[in-house]
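I opened my notebook to look up a few places in this model. My entries follow in the order I made them.

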Amino acid sequence: MTKLKGLLLTEGMHGMISQVEGLAKALDLDFIHEKIELNNFWKLFPPKLTPVQDFVFKNKINSEFDIVISCGRKSVIPSIYLKKKFKSKIINIHIQEPKVSLDNFDFVVVPEHDGLKGSNVLTSKGAVHYLTNGELDENENYLKSRISTEKKVVTLILGGPTRYYDYNNQVIDSLFSKIEHNFLKNNYQLIVVPSMRTPQDLIEKAKNYFDTDQIVIPNVDKKAYLSSLKISDHIVVTCDSTSMISEAAITGKPIYVAQMPAIKNNKRFKSFFNLFESLNIIKELNNTVESWTYTKLNETKKIADQIREKIKQHDFS
């Protein structure tokens with residue numbers, strides 16, 4: 001059977017790519033990815049004040065597709081434009097709250113902690129993403145040879161500054177000190193994994209802070225990321241990325257969240273942390289180390305199964 005063709009629209013950020021590609025893979029689509037660029041004038045306007053016209057975005061989309069999966073503010077208008085142009089010939093799915101009428105989409109996929117309601121809204125516990133346990137298994141050996149067989153493993157996944165969280169030296173020194181005290185002094189080996197948002201000086205700081213027995217990945221490396229999740233006994237993730245925490249939750253391993261002082265209040269983050277704590281997935285990183293278990297999250301498959309029923313009934317002709 002010929003696969004349906006997917007068009008993925010994002011701003012090019014890791015968290016967004018992970019979500020659209022994860023859903024596309026779970027739906028078994030033959031997909032291409034289009035990084036959306038808005039024309040300068042329209043970058044200043046929110047989607048609800050932007051006309052649904054192709055002059056808003058620079059991209060010239062000529063490929064054939066059956067399903068559009070978009071994520072992020074910049075991709076809202078292109079997705080709506082394509083739906084209006086092709087009507088029932090395509091299904092359009094938007095991930096994250098679009099801040100416009102939900103009627104513009106066949107499906108809107110949002111985390112449960114967002115609290116968005118609608119007849120076409122599908123909710124997930126945390127963010128949908130592109131990781132699978134099969135990929136973790138395939139990449140297990142990528143870092144394994146660098147790990148001492150006599151030690152346990154802790155992975156520190158670093159995010160970066162956002163409008164909600166700042167990374168100052170005092171906060172980072174405190175985080176590194178907790179890693180050293182809680183884990184390294186108790187026979188753990190450390191893997192530090194940066195994200196696309198991690199400043200280079202933070203990676204250098206980690207290299208200088210920890211001894212040479214620890215592994216600091218110098219740049220974004222998906223294989224290292226997958227391998228570290230597979231071989232870790234504990235995972236520590238900085239609080240600024242619900243996407244990375246959601247990805248780590250596919251492992252079923254204990255996840256500590258390194259909280260940082262917030263620049264401004266964000267109820268969505270608090271709701272996310274409360275939900276994941278209630279599911280026994282995360283604990284706040286303090287001065288002790290515990291081990292616990294929980295049911296591995298596979299929310300991407302759950303959402304894909306719900307959408308698949310609609311796809312079966314849809315006439316793409």
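**Entry 1**

I began with asparagine 280, which sits in the loop between α9 and β12 (282–284). Helices here are DSSP runs of H or I with at least four residues, strands are runs of E with at least two, and both are numbered from the N terminus. I noted that this is a predicted model, where local features need pLDDT of at least 70, side-chain atom pairs count only at pLDDT 80 or more, and totals for chains, interfaces and linings use all residues. Residues are numbered from 1 along each chain as its sequence is written, and side-chain values use heavy atoms, with hydrogens and water left out.

Phi of asparagine 280 is near 65°, a positive value in a residue other than glycine. The cut-offs are under 20% relative accessible area for buried and over 50% for exposed, with partly exposed in between (1.4 Å probe, protein chains only).

Next I looked up aspartate 28. Its place is the loop between α1 and β2 (30–35). Aspartate 28 has 43% relative accessibility, so it counts as partly exposed.

I turned to histidine 94 in strand β4. Histidine 94 has a relative accessible area of 1%, so it is buried. What does histidine 94 touch, not counting residues up to four places away in sequence? I listed Ser70, Cys71, Gly72, Ser75, Val76, Phe105, Phe107, Val108 and Val109. Contact means heavy atoms within 4.5 Å.

Aspartate 66 lies in the loop between β2 and β3. With a relative accessible area of 17%, aspartate 66 is buried. Leaving aside neighbours within four places in sequence, I found aspartate 66 in contact with Leu4, Lys5, Lys89, Ile90, Ile91 and Phe316. I also checked a distance. The C-alpha atoms of aspartate 66 and isoleucine 215 are separated by 43 Å, and the two residues are 149 apart along the chain.

Helix α10 (residues 299–313) has 15 residues. From first C-alpha to last it reaches 22 Å, close to the 21 Å expected at 1.5 Å a residue. The expected span is 1.5 Å times one less than the number of residues. Where is the kink in α10 centred? I found it at isoleucine 307, with an angle of about 25°. The bend at a residue is the angle between axes fitted to the seven residues ending there and the seven starting there.

The buried residues of α10 are Glu299, Thr300, Ile303, Ala304, Ile307 and Ile311. An α-helix has 3.6 residues a turn, so residues three or four places apart point the same way. The cover over the buried residues of α10 includes α1 (14–26), β3 (67–71), β4 (91–95), β5 (107–111) and β6 (121–124).

Helix α7 (residues 222–231) is mostly covered, with 7 of its 10 residues buried. I wrote them down: Ala224, Tyr225, Leu226, Ser227, Ser228, Leu229 and Ile231. Among the elements that cover them are α3 (133–138), α4 (141–144) and β7 (152–158).

**Entry 1: spaces in the model**

How many cavities of 30 Å³ or more does a search of the whole structure find? It finds 2. On a 1 Å grid over the protein atoms alone, a cavity is a set of points where a 1.4 Å probe fits but cannot get out; a pocket is an open set with protein on both sides within 12 Å along at least five of seven lines; lining residues have an atom within 4 Å of a point. Grid points are joined across faces, edges and corners, and a volume is the space filled by probe spheres set on the points.

The largest cavity has a volume of about 60 Å³. Its lining includes Leu38, Trp42 and Phe45. The second largest cavity has a volume of about 40 Å³. Glu299 and Thr300 are among the residues that line the second largest cavity, and both are buried residues of α10.

The largest pocket has a volume of about 1300 Å³. Its lining has 33 residues, of which Met13, Met16, Gln96, Arg163 and Arg268 lie nearest its centre. The largest share of this lining, 4 residues, comes from α1.
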